[in-house]
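Look through the model below before reading on. The paragraphs that follow go from loops to a helix, then to a pocket and to pairs of rings.

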Amino acid sequence: VDLVPISRPPGQNNIGMIAWIRTMKVPEKPDGRQIVVIANDASHSAGSFGPKEDALFKAATELGLKRKLPIIYLSVNSGARFGLAEEVRSKFKVAWTNDSDPAKGFQYLYLEDADYENIKASVKAEAFVTEYGEKRWILTDVIGAEDGIGAECLSGSGAIATAFSKAYHEGFTLTFVTGRAIGIGAYLSRLGHRVIQRVDQPIILTGYAALNKSV
């Protein structure tokens with residue numbers, strides 16, 4: 001991603017990540033020193049990391065390294081973005097093992113024939129006919145019409161962790177945890193040279209091991 005400087009009013013960004021080049025004046029350098037500031041926007045998708053946010057974070061980090069500038073990350077996020085395909089969520093149905101007792105679990109998720117025809121581009125499904133002659137489409141994969149709500153977000157998380165780790169070794173990085181930092185947001189905090197954390201805001205790792213320990 002090639003970054004292009006832009007001047008615009010606050011709140012006009014259309015992704016959940018913002019980056020600036022700022023000039024700070026300090027006694028040791030009265031003429032000012034430039035820094036790169038990268039921040040989550042918690043008002044956009046809860047500050048989560050999607051492909052566009054990852055691309056901006058990575059590009060801003062690489063720009064800071066190229067220009068040999070300190071990189072300051074303002075962290076308030078909900079980790080990698082995992083969304084739901086709304087067009088599927090509103091239509092899928094559940095084949096319960098026991099209709100009168102859902103606690104016994106389910107056999108499969110499915111779409112009725114008419115609904116499948118309307119959204120088949122968003123799913124992969126296998127045709128099935130019940131013993132009563134009803135045609136169903138058993139869901140095997142949900143693709144979704146919207147991009148950036150699936151496993152591609154994890155790929156982006158790996159890319160920005162690599163970039164920030166490189167910045168640790170080749171430059172100066174500091175993370176200011178202004179709000180909750182979850183998942184990749186927590187890892188980025190650990191990968192910086194320094195962390196400033198508000199005492200009332202958590203840094204939370206995710207994954208099965210961390211979740212099991214929190215129960």
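Helices (H or I, at least four residues) and strands (E, at least two) are DSSP runs, numbered from the N terminus. This is a predicted model, in which local features need pLDDT of at least 70, side-chain atom pairs count only at pLDDT 80 or more, and totals for chains, interfaces and linings use all residues. Residues are numbered from 1 along each chain as its sequence is written, and side-chain values use heavy atoms, with hydrogens and water left out.

Start with two loop residues. Lys 68 sits in the loop between H1 and strand E3 (71–75). The phi of Lys 68, which comes just after H1, is positive, at about 60°, although Lys 68 is a residue other than glycine. Lys 68 is exposed, with 72% relative accessibility; here buried means under 20% relative accessible area, exposed over 50%, and partly exposed in between (1.4 Å probe, protein chains only). Ser 45 is in the loop between strand E2 (29–40) and helix H1 (51–67). Ser 45 is not a glycine either, and has a positive phi of about 50°. Its relative accessible area is 42%, so Ser 45 counts as partly exposed.

The expected span of a helix is 1.5 Å times one less than its number of residues. For the 17 residues of H1 this gives 24 Å, which agrees with the 24 Å between its end C-alpha atoms. Buried residues of H1 include Leu 56, Phe 57, Ala 60 and Leu 65.

Rolling a probe the size of a water molecule over the atoms shows where empty space is left. On a 1 Å grid over the protein atoms alone, a pocket is an open set of points where a 1.4 Å probe fits, with protein on both sides within 12 Å along at least five of seven lines; lining residues have an atom within 4 Å of a point. The largest pocket has a volume of about 870 Å³, the volume being the space filled by probe spheres set on the points, which are joined across faces, edges and corners. It is lined by 28 residues, and Val 4, Ile 6, Arg 8, Ala 19 and Leu 56 are the closest to its centre. Strand E1 (17–26) and H1 are the elements that give two or more residues to this lining.

Now turn to the aromatic rings. Rings of Phe, Tyr and Trp (its six-membered ring) pair if their centres lie within 6.5 Å; planes under 30 degrees apart count as stacked, over 60 as edge-to-face and the rest as tilted. The whole structure has 6 aromatic pairs. In one of them, Tyr 73 and Phe 164 have ring centres 6.3 Å apart and planes at 80°, so the pair is edge-to-face. Tyr 73 is in strand E3 and Phe 164 in helix H4 (residues 152–170), so the pair links distant parts of the chain, 91 residues apart. Tyr 73 and Phe 164 are both buried. Another edge-to-face pair is Tyr 108 with Phe 128, at 5.8 Å centre to centre and 70° between the planes. Tyr 108 belongs to strand E5 (residues 106–112) and Phe 128 to strand E6 (residues 123–129), so this pair ties together parts 20 residues apart in sequence. Tyr 108 is buried at 13% relative accessible area, whereas Phe 128 is partly exposed at 33%.
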